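This report describes one protein chain, starting from a single residue and moving out to the whole fold. The sequence and model come first.

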Amino acid sequence: MSLIKLQKLEFPKLKPAYLAALIPTAVAINFAGTAIRQGLGVPLFLDSGGTILVSFIAGPWYGALCAVLQAIVRALLMNPMMIFSFPPTVLVALFYGYAARYGITRNWLGLILIIIISQPFTAAASALVFTYIYGGFSGSALDILSAVFIKSTGKIFAGTFISQNITGLIDKAVLIAVVMAILKALPAQYRVMTPIAKKSAEEENLSL
């Protein structure tokens, strides 16, 4: 495995029509993750896969736009208070998008490191939202784990923060695997910010 080399990269130039299709599709992927979580009852969120995908393909701010649109749709369809759910996912978009911009996510070591480094920040943002907006509970299977740590620490924020950190690492690992599978199905030029970019180049050389 090669060491991480910081190198500013250019995201693929996307036509407005492609962006207009990509971002709603990514929001739909996020909602699909939520539906899977609810169906399986697993203590994960699985609701930022589309945001990560957009951040790799189009950049951090398009990923952040995806996160905000997701919160708006949630507020309109589910609960108006869900409008406040965007800060953690926006942070995910910014961390992964800027890591991609500087070539950190082009190998597996860098991708693993950005998952580990970003998790405390996104967990803190999520804990703040759940503590001061939702009272510490999200209405998912994660509430059981949160309740255990809230009881042991005596504080909603601390308990939620710990549970978010534990499950968040697993959550992002699962989502990254899903995102890589989606990227493999897309043209090679959209994989340049990821570890599978080298495979794309090798495949193109073999086809010549």
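## Contacts of L183

Leaving out residues up to four places away in sequence, L183 touches L53, F56, I57, Y190, R191, T194 and I196; contact means heavy atoms within 4.5 Å. L183 is also among the residues with the most contacts inside the largest nonpolar core, together with I52, F56, Y96 and I176.

## Basis of the model

The model is predicted: local features need pLDDT of at least 70, side-chain atom pairs count only at pLDDT 80 or more, and totals for chains, interfaces and linings use all residues. Residues are numbered from 1 along each chain as its sequence is written, and side-chain values use heavy atoms, with hydrogens and water left out.

## The nonpolar core

The largest nonpolar core contains 32 residues. Such a core is a set of buried Ala, Val, Leu, Ile, Met, Phe, Trp, Tyr and Cys residues joined through side-chain atoms within 4.5 Å. At least two residues of this core come from each of α1 (16–40), α2 (49–57), α4 (86–101), α5 (108–132) and α7 (156–184).

I57 is part of helix α2. Its relative accessible area is 0%, so I57 is buried (buried means under 20% relative accessible area, exposed over 50%, partly exposed in between, with a 1.4 Å probe and protein chains only). Apart from neighbours within four places in sequence, I57 is in contact with F11, P12, L14, L22, L183, L186 and Y190. I57 and L175 are 118 residues apart in sequence, and their C-alpha atoms are 15 Å apart in space.

Q164 belongs to helix α7 and is buried, at 5% relative accessible area. Not counting residues up to four places away in sequence, Q164 touches F45, Q119, A123, S126, F130 and L142. T89 sits in helix α4 and is buried because its relative accessible area is 9%. With the sequence neighbours up to four places away set aside, T89 touches S48, T51, A67 and Q70.

L46 lies in the loop between α1 and α2. With 11% relative accessibility, L46 counts as buried. Its phi is near 55°, a positive value in a residue other than glycine. Most residues other than glycine have a negative phi.

## The chain as a whole

The protein chain has eight helices and zero strands, in the order α-α-α-α-α-α-α-α along the sequence. Helices (H or I, at least four residues) and strands (E, at least two) are DSSP runs, numbered from the N terminus. A compact globule of 208 residues would have a radius of gyration near 17 Å, and the protein chain agrees with its 17 Å; the radius is taken over C-alpha atoms, and the globule rule is 2.2 Å times the number of residues to the power 0.38. Along the principal axes, the C-alpha atoms fill a box of roughly 60 × 35 × 30 Å.

Of the 208 residues, 46% are buried. Among contacts with a separation of 6 or more, 68% are between residues 24 or more positions apart. The accessible surface is about 10,500 Å², and carbon and sulfur atoms account for 71% of that surface; areas come from the Shrake-Rupley method with a 1.4 Å probe, and for residues only the protein chains shown count as cover.
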